[in-house]
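Thanks for coming. I will go through one model today, a few places at a time, and then stop.

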Amino acid sequence: MPDVTLQGRRYHYERAGSGVPLLLFHGFPFTSESWRPQLDAPPAGFDLITPDHRGFGGSDLGDEPLTMDALAADGLGLLSALGLERAVIGGLSMGGYVALAALRRDPSRVKGLVLVDTQATADDEAGRARREATAKDVEAKGLQVLVDAMLPKLLAPSAPAELRARVEAIMRSVAPQAAAAASRGMGSRVDGRDVLARYAGPCLVIVGQEDVITPVEKARTMADLVAGSTLDVVPSAGHLVNLEAPTAFAAALQAFHAKVL
Ligand code: MLT
């Protein structure tokens, strides 16, 4: 259960496997526990590092806004603390927004990109207003608001009840203050299509075929922007493809490994 200290804040991460460093950021409202299948069976040839964003899991919230750029700076700070100059950087959904922010911040640290059930575009005005309303609602009523709004959409209809219960338990472990701050942070994110269009390195885009939050078209838009990228559409999986289809997820990473050596 390692921690590093970043600007006086405790920043928690999990680590498993060995090989090419692979920094994966978790989605919203989750923790690094949402990478459990990958932590228990690390993808072959990768040194998997999964931090908890500020305020989530074992990481301190601090008092700055949770912008995607701030969360990206933490991830890069962790790599530096571990003596790693470059890594394959990726994330699921909000974690993908953070990976794109890391790419914008310092492309020289990015050995490869893994974008999972995410999108490059920013919220429109109505979307930003919804983020603020969600933040206020979570502050007032707690995580139940997000469980009610998101749980029915996160997994493919065929997902087992046991997985649904595990996902709900991770959501309920998140502090409302952090979820509210991250909701506002996501609302303020910038469009990442420009950094993707400039990016010339290896890129893997993975999406569950039944993802209704960031559907296949969003994945295709990202993959189309990066020459030589791979788009992997995983059948019978929704928005949490690494939890719903860990074998297919591992196979996609294994095929990608040769491109990031
Ligand atoms: C996530 O899964 O991280 C969120 O659904 C992303 C979002 O709300 O845009």
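Start at serine 93, in the loop between β5 (87-92) and α3. This is a predicted model, so please keep that in mind throughout. Serine 93 is not a glycine, yet its phi is positive, at about 55°. Is serine 93 buried or exposed? Its relative accessibility is 8%, and the cut-off for buried is under 20%, so serine 93 counts as buried.

There is a second residue of this kind. Glutamine 7, also not a glycine, has a positive phi of about 45°. Glutamine 7 sits in the loop between β1 (3-6) and β2 (9-17). With a relative accessible area of 66%, glutamine 7 is exposed.

One more backbone point. The peptide bond between phenylalanine 28 and proline 29 is cis, with omega about -5°. Proline 29 belongs to the loop between β3 and α1.

That loop, between β3 (20-25) and α1 (36-40), also holds tryptophan 35. Tryptophan 35 is buried, at 1% relative accessibility. What is tryptophan 35 in contact with, once its neighbours within four places in sequence are left aside? The list is Leu24, Phe25, His26, Thr50, Gly91, Leu92, Asn242 and Phe249. For a sense of distance, take aspartate 137, which is 102 residues from tryptophan 35 along the chain. The C-alpha atoms of that pair are separated by 27 Å.

Trp35 also lines a cavity, together with His26, Gly27, Phe30, Ser34, Leu92, Leu240, Asn242 and Leu243. This is the largest cavity, with a volume of about 60 Å³. How many cavities of 30 Å³ or more does the structure hold? One. The lining of the largest cavity has five nonpolar residues, four polar residues and no charged ones.

The largest pocket holds about 640 Å³ of space. Its lining comes to 24 residues, and those nearest the centre are Arg130, Arg131, Met150, Lys153 and Ile213. Which elements give two or more residues to that lining? They are α3 (94-105), α4 (125-141), α5 (144-154) and α7 (176-187). Sorted by class, the lining of the largest pocket has 10 nonpolar, seven polar and seven charged residues.

The second largest pocket has about 210 Å³ of space. It is lined by 14 residues, with Met68, Tyr97, Ala101, Arg189 and Val190 closest to the centre. Both α2 (68-81) and α3 supply at least two residues of this lining. Which element gives the most to it? That is α3, with four residues. By class, the second largest pocket is lined by six nonpolar, four polar and four charged residues.

Next, threonine 214. Threonine 214 is in the loop between β7 (203-208) and α9 (216-225). Its relative accessible area is 0%, so threonine 214 is buried. What does its side chain reach? There are two polar partners to show. The side chain of histidine 239 makes a polar contact with the side chain of threonine 214, at 3.2 Å. The backbone nitrogen of threonine 118 is reached by the side chain of threonine 214 at 3.5 Å. Leaving aside neighbours within four places in sequence, the contacts of threonine 214 are Asp117, Thr118, Gln119, Val207 and His239.

Terms used:
Residues are numbered from 1 along each chain as its sequence is written. This is a predicted model: local features need pLDDT of at least 70, side-chain atom pairs count only at pLDDT 80 or more; totals for chains, interfaces and linings use all residues. Side-chain values use heavy atoms; hydrogens and water are left out. On a 1 Å grid over the protein atoms alone, a cavity is a set of points where a 1.4 Å probe fits but cannot get out, and a pocket is an open set with protein on both sides within 12 Å along at least five of seven lines; lining residues have an atom within 4 Å of a point. Grid points are joined across faces, edges and corners, and a volume is the space filled by probe spheres set on the points. Ala, Val, Leu, Ile, Met, Phe, Trp, Tyr, Cys and Pro count as nonpolar, Asp, Glu, Lys and Arg as charged, and the others, Gly among them, as polar. Buried means under 20% relative accessible area, exposed over 50%, partly exposed in between (1.4 Å probe, protein chains only). A polar contact is a pair of N or O atoms within 3.5 Å; within protein, one must be able to donate a hydrogen and the other to accept it, and residues adjacent in sequence count only if both atoms are side-chain atoms. Contact means heavy atoms within 4.5 Å.
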